[in-house]
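Welcome! Please take a look at the sequence and the structure shown here before reading on.

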Amino acid sequence: MHRKSDTLAYYVMILPGLFLLVAFTFVPLFYSVIAFQKFNPARGIQNSPWVGFDNFLFLFRIQDAREVFANTLFIAIGKIGLLLIVAVVFALLLNEVRFAGPKRLIQTMVYLPHFLSWVILAGILRTLLAREGLLNDALALFGLKPIAFLGQPATFPWVIIFSDIWKEFGFEAIIYLAALTSIDPTLYEVAELDGASRLQKMLYVSLPGIAPTIVLVASLSIGNVLNANFDQIVNLYSPIVYSTGDVLDTYAYRVGLIQGQYSIGTTVGLLKTVVSLILIGVSYWVADRFANYRIF
Amino acid sequence: MKKSWLLKATVITLMATFILSACAAPATPTPAVSATEPPAVTEPTQAPAATSAPAQAGAEWRMTDAYAAYPEKITLTLVKGGQENASLLPEGESIEANRALQYIEDTLNIDITFEWVVPTDSYADKLNLAISSGEIPDAMIVTPIQLQQLVEAGVLEDLTPYVEKYANKDLLENWNQTKGVALQAATIDGKIWGVPNVQPQADAPLMVWVRKDWLDKLGLSAPETVDDLEALAKAFMEQDPDGDGAADTYGLTGTLQPVMVPSNLHGFDVIFNAYGAFPTLFYRDASGQVVYGSTQPQMKDALARLNAMYQAGLIDPDFATKNTDTSNQIVVGGEGGIMIGPWWISWWPLNDSVKNDPNADWQPYLLKDNNGQFTYSMGDYTNSFVVVKKGYVHPEVVVKILNIQNDISYGFNDAPQYYPNFNEIWNLLFPVPFLIEQPYVVERMARDYQAALDGQVSPDTFGDAMQIEYEQIQKDMADPRSDPANWATRMARLNAASLLAGGYSEVRADPAAVRFYSVDPNWPSLKKMEEEALLLIITGAQPLDYFDTFVQQWNESGGADLLAAMNQ
Amino acid sequence: MVVSRRPLDRIVDWAITLFLIALAASTLLPLVHTLALSLSSKQAVAGGLVSLWPVGFNLFSYEYIIQDEKFWRAFGISLARVAVGGFTNFALTVLTAFPLSRSAQAFPGRNVFMWLMVAGMILNVGVVPWYLTISQYGLIDSFWALILPTALPIWNVVILMNFFRNLPKELDEAARIDGANPWQLLWHIYLPISLPALATVTLFSLVAHWNSFFDGLILMNNPDNYPLQTYIQQLVIAQRTVLQSGQAQLLGRLSNNTLNAAKLFIAMIPILIVYPFLQRYFIRGITLGAVKE
């Protein structure tokens, strides 16, 4: 039975959260209408002229937008793909470690970077990757010429991808480790009786065992192909690497807030939101279809 | 011949130094001419006889109005940047309460309050925000774009009736010396909507500052050309000028902004100028057409040179990811002996270098271009405006405040200047941190100081501000670098400014250009394209021929249309 | 799992273990390098002599930072936002997750609210409208700008809601028979039993608050209001050295490189302190997020 006073209590409980949700998510959504305006801050939303889809057409026309879109896809997909491979391989290897102490030690070490901010890590990376930095010193030991890792378009996106893997592979592996522990031990015993080598067990028992999890993670990642990680890039890039390192979020921030082209910045954000929405829809559908997983 | 248009550029004709009675005199007009205009010598305004007397030679009615106190106290709300430097103010004074502000309030019988005070960097953001929320103060300083937006929105008071009526003679003269460009910039649809500033033109030409102690130690001579500069950078890198036995000295420093006019610290502008290239300027070429400096063929020669220097390791290998502060640390920390910058960098950051190492004997030098001339990119005369909110009842008060501020700056009209470090803090003291300067005031003051040192004029005739500086100069001459502040003033005001006073040719942006590009939606991406291309070519990430690709892209992405519009 | 006893297997065991230890250790090398830089002399750092061990050991950087008011002010603001923000997150997560964990019969409109939450999580509006909204609320330069916009962590709500839904229904019914109202049910039954889940989501939000820099950068005009990450971002990444006092005199003994390294390291310390707790709970958190009844 359900009492009326109970229902009232639930409403009271959810009210503050709902209020904040409206205030900080739905109200900004309303402000997104300036994507359809030639917004003049002095006139405000009410009095700025409406321009229909002009801002969108402008973005489709300029080279910047194409470049930024391509960079975003490249970096995000590179991260998703490589991170998945590295994390799976790491989880499989860690699963082979029989010694409890070392195993815990390894885990303790690799999870740590996940909890550090990109501000801190970017500060560290900038020192590490400078011309006089430790990494170039190491290259010099092998007789290699110094590389301006953060200062040339060719290397920059790879620095972004690999530093992200460095930060996240341990953490990402947790879900695969969890999946590995739930594999039925008798499967290994059977394989052993059949004379399977260790590598064979890894490839034919462990890997298939976590395949559903891999499919799940991969499909949920679809929603992220327009997220290249603002915090990371904004703290590592500079004008010289815009051609390969500028992504949708950094572009929207720079054009919209720094240069004060509110309408263009908002249009970029709105485009990203719409495309992301579609991708998330796709990803949940894929997750449901192929991994039998529903989040809500 | 690619530099033929330059022949039209006229070298500043230096007027014989007037035996100036003091600064009350309007500047010795230094007729600077842009590349196309025929050399025109502005009529020198007559110099008043006495320092202390307000310039009464002109119309007295104007003088009265320009300083008249209000019968009843009026209020004025303002906003301000500069908060991060408040600690530079003398003990017991603040941005909201200081002697200069008090003097202005007392003189005009007004009560000034600040709605907010923020750090310099945040001012533009904060102001945009205030504008968008409709909470603008009675008066404020705005950019050309904001001026346009505010006028469109109809929230400003028309200042046409007040600007020329209430401005004192010095302000009018200073505007006049811009050949009308300043007031023209403030005029939209035939009405004056803002009071325009006038920037000292000395900030644009970049000099090469070199540690003379290192030069002497290595037995080298002062640089005069880009070739000399390159040789010097090489020597400083390879010959251990700091004598610590380690190859830890830099050649040339740079920043991620290799070109910016004016006041580009660690900028490469001067190297471009040497090749007859004037990047970032929309100027009129020999045929009278507006062209964009960054896409001209001369750029390619300069870029080739910079790239060669970079490949040879003579330019800081990480310059493209460094900003001004980062590169300053190289010279301040004693790791570099060359810094390119405007005339005033002895006040900052080189004073810090002297604080760290009293032997650091930085001296300024001008570089000649490939034709043996001194030719530099010049900045705009005007880049900001004071505007008044629509409906404010005493719009003229901003002009009156600017009159007094100008007097305090230069010790005119007996306006007291109380502060020894005035040059560092003037923008904190003044309610409207905004100067309407004589465009060539820096050069003129250098001539005055030199004349006083030569005994041709008595320093007693100088105003307060100049007397303080003159003392600093003399102290440093007696005991060089014993006090970094004195040294900085001497280097900037005398050594560096005298170089400029020696004359140079100017290449100046077409004054109408800003109206076009500031509202062009393609402009930010054109700018980005340009910044990237320059950095990529200098660092060799792209070959030199990429410049042609860039020019083509620039033209196709709206640059050609922009130029076409300007040339109509 | 069967542990093999063949000698080759033992060797492979060791090889894999040693390889992974080396790999794991190498992920920490950059952090060790930073610590070494912060403890080295200016000359050694400028000469590129420092790798993983301090050269010319000194504590100048730390001595300087101890007296650096601006650093500690920013540190204090970060601590304050972690405390206030963490508590706000906790309260709102619990208050929102509990009703959403009820059935649609018990809480009419539950599904509508749930969809609103999901929409809120997915509809990631751009930075410009976000900024304009918050500035319209007059929150610029206010401490609350660091708290309110992120006060409702929807992902945490989803995690906790799933946890609540997986609790045995008998608990609920027993309490109901005793006549408990929803508030009592939440306070006396659900909260005590959910402590591990609550610890997880709370730790997540504490770390998020500590690590956040962008809101401080955009929403605070006055650098005196910057939280630590924003302060460090401006100093180390954007290189706005005006934020540092007495720079010139300072450069005599230490360089910005050593000083920045020390600041980066100090900013890591709070994370290192809570890290053992994090490690205990976050695995559970991740699996919780993935679990659906």
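Predicted model: local features only at pLDDT ≥ 70, side-chain atom pairs only at ≥ 80, totals over all residues.

Residues are numbered from 1 along each chain as its sequence is written, and chains are lettered from A and ligands numbered from 1 in the order in which they are written.

Let's begin with chain C, which has 14 helices and zero strands. Helices (H or I, at least four residues) and strands (E, at least two) are DSSP runs, numbered from the N terminus. Of the 293 residues in chain C, 44% are buried, meaning that 20 or more other C-beta atoms, placed from the backbone, lie within 10 Å of a residue's own.

Now to chain B. Strand β10 (residues 338–341) is covered on both faces, with B:Ile338 and B:Ile340 buried on one side and B:Met339 and B:Gly341 buried on the other. Strand β7 (residues 207–211) of chain B runs antiparallel to β10(B), joined by four bridges; strands pair if DSSP finds at least two bridges between them. B:Met207 has B:Gly341 as its bridge partner in β10(B).

| Peptide bond | Omega |
|---|---|
| B:Val261 to B:Pro262 | about -10 degrees |
| B:Trp348 to B:Pro349 | near 10 degrees |

B:Pro262 sits in the loop between α10 (226–238) and α11 (269–274) of chain B.

Finally, A:Asn229 is not a glycine, yet has a positive phi of about 80 degrees. A:Asn229 counts as buried because it has 21 C-beta neighbours inside 10 Å.

Notes: Buried ≥ 20, exposed ≤ 12 C-beta atoms within 10 Å, placed from the backbone.
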